[in-house]
Amino acid sequence: MKAFALVSALLAQTPAAATAPAPAVTGKPLARNTLKEPVKEPRVVWASLSPQERASFLTGDAALPLKERLLRVSERFLGTPYVHSPLGEGSGVDPDPTFRLDAVDCLTFVEQALAMSLATAEPEVAGVLERLRYASTPTYEDRNHLMEAQWLPNNQRKGFLVDVTRRYGGEDTVKVQKTLTAVTWTSRSSLALGLPKTRQPRGTYSLDMIPLERVMAHARQVPSGTILVVLREDLPLKATRMTHLGFVVQKGKRTWLRHARRGVDGNGRVVDEDLETFLARNAKYDKWKVSGVSLYEPRRPDAGGGELVSSP
């Protein structure tokens, strides 16, 4: 997978060129592939449910603890096709829909799974998703495009996320940084975001990271439902060093990463992939080397900054 393709799928989220409709998702078992995956996948995925069935599922699960609910909600995305930047504002710069269940990329999979898990009923989903995807207003310029500078700090401030990297990485955890300067915003990948100069983040952002070679030493201690974010080496002309994310899933005697994986032949989908296999593949990237991972625990925000509200 090319480095630019990886980062564009996560952070750029600029309007994609017209593509063929995503293949229909059915309730039939998916064909096995070369990934090491758990044997069982859900028989019914979100895209095959009616709005009424989806609403009933969300209401029926509302009393479950967030971790358990997140696993149940995200599991119903398994097999969903990968499509680059499937969500937008419904009009304007990025006219893609604001919500869809028939296609995801790595970021929108996490965002929609979180929104559906945090909402206690169907009418709340759109409002929660909006709070996750935007700093304040649902406009392209106000979208959380960059992970270090926007998505992570804004969602931690709102109470949706807590950085738990050091909690599970212990003494192996290191402090790293991402600096955004005027020079950063001269590169092709940064300019592809299409942000006006007044909305281009500048500054230095600190992060806790578990080095790639030490992740598996701590993997079994990381609870299911924790968000794992992949960091690459810091390149001055790249507006981010975070290029992928998904949910940790502890199943059997192995640790898995539930994530939307881009396929080499356009056949990407949401999968449960053995974490060790995933990390070994990432260790082979040489053009933009992977440095390690950061971990974030999803939370239900309190009434202070991230209250859950129904959409109008």
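**Figure 1. Helices H4 and H5 meet in a right-handed crossing.** A crossing is called right-handed if the near helix is turned clockwise from the far one by less than a right angle, and left-handed if anticlockwise. Helices (H or I, at least four residues) and strands (E, at least two) are DSSP runs numbered from the N terminus. The model is predicted: local features need pLDDT of at least 70 and side-chain atom pairs pLDDT 80 or more, whereas totals for chains, interfaces and linings use all residues. Residues are numbered from 1 along each chain as its sequence is written, and side-chain values use heavy atoms, with hydrogens and water left out. Two packed helices are described by the angle between their axes and the distance between the axes. The axes of H4 and H5 come within 8 Å and cross at roughly 135°; H4 is therefore oblique to H5. Axes are lines fitted to C-alpha atoms, for helices over the stretch in contact, with angles running from 0 to 180 degrees between N-to-C directions. Angles under 35 degrees count as roughly parallel, over 145 as roughly antiparallel, 65 to 115 as roughly perpendicular and the rest as oblique.

**Figure 2. Residues at the contact of H4 with H5.** From H4, Thr108, Glu111, Gln112, Leu114, Ala115, Met116 and Leu118 meet Glu124, Val125, Val128, Leu129, Leu132 and Arg133 of H5, contact meaning heavy atoms within 4.5 Å. By class, eight of these residues are nonpolar, two polar and three charged. Ala, Val, Leu, Ile, Met, Phe, Trp, Tyr, Cys and Pro count as nonpolar, Asp, Glu, Lys and Arg as charged, and the others, Gly among them, as polar.

**Figure 3. Helix H5 and its buried residues.** Helix H5 has twelve residues (122-133) and should span 16 Å at 1.5 Å a residue, which agrees with the 18 Å between its end C-alpha atoms; the expected span is 1.5 Å times one less than the number of residues. Glu124, Val125, Gly127, Val128, Leu129, Leu132 and Arg133 are the buried residues of H5. Buried means under 20% relative accessible area, exposed over 50%, and partly exposed in between (1.4 Å probe, protein chains only). The buried residues of H5 pack against helices H2 (51-60), H4 (106-118) and H6 (147-157).

**Figure 4. Helix H3 packs on H4.** The axes of H3 (residues 66-75) and H4 lie 9 Å apart at an angle of about 125°, which means that H3 is oblique to H4. The crossing of H3 with H4 is right-handed. Leu66, Arg69, Leu70, Val73 and Ser74 of H3 make the contact with Phe109, Ala113, Leu114, Met116, Ser117 and Leu118 of H4. This contact has eight nonpolar, two polar and one charged residues.

**Figure 5. Arg300 in the segment after strand S8 (290-298).** With a relative accessible area of 35%, Arg300 is partly exposed. Leaving aside neighbours within four places in sequence, Arg300 contacts Ala62, Leu64, Leu66, Arg69, Ser117, Leu118 and Gly159. Its C-alpha atom is 9.5 Å from that of Ala119, 181 residues apart along the chain.

**Figure 6. Gln200 in the loop between helix H8 (188-191) and strand S3 (203-211).** Gln200 counts as buried because its relative accessibility is 11%. Not counting residues up to four places away in sequence, Gln200 touches Trp185 and Leu195. The C-alpha atoms of Gln200 and Ala149 are separated by 9.8 Å, and the two residues are 51 apart along the chain.
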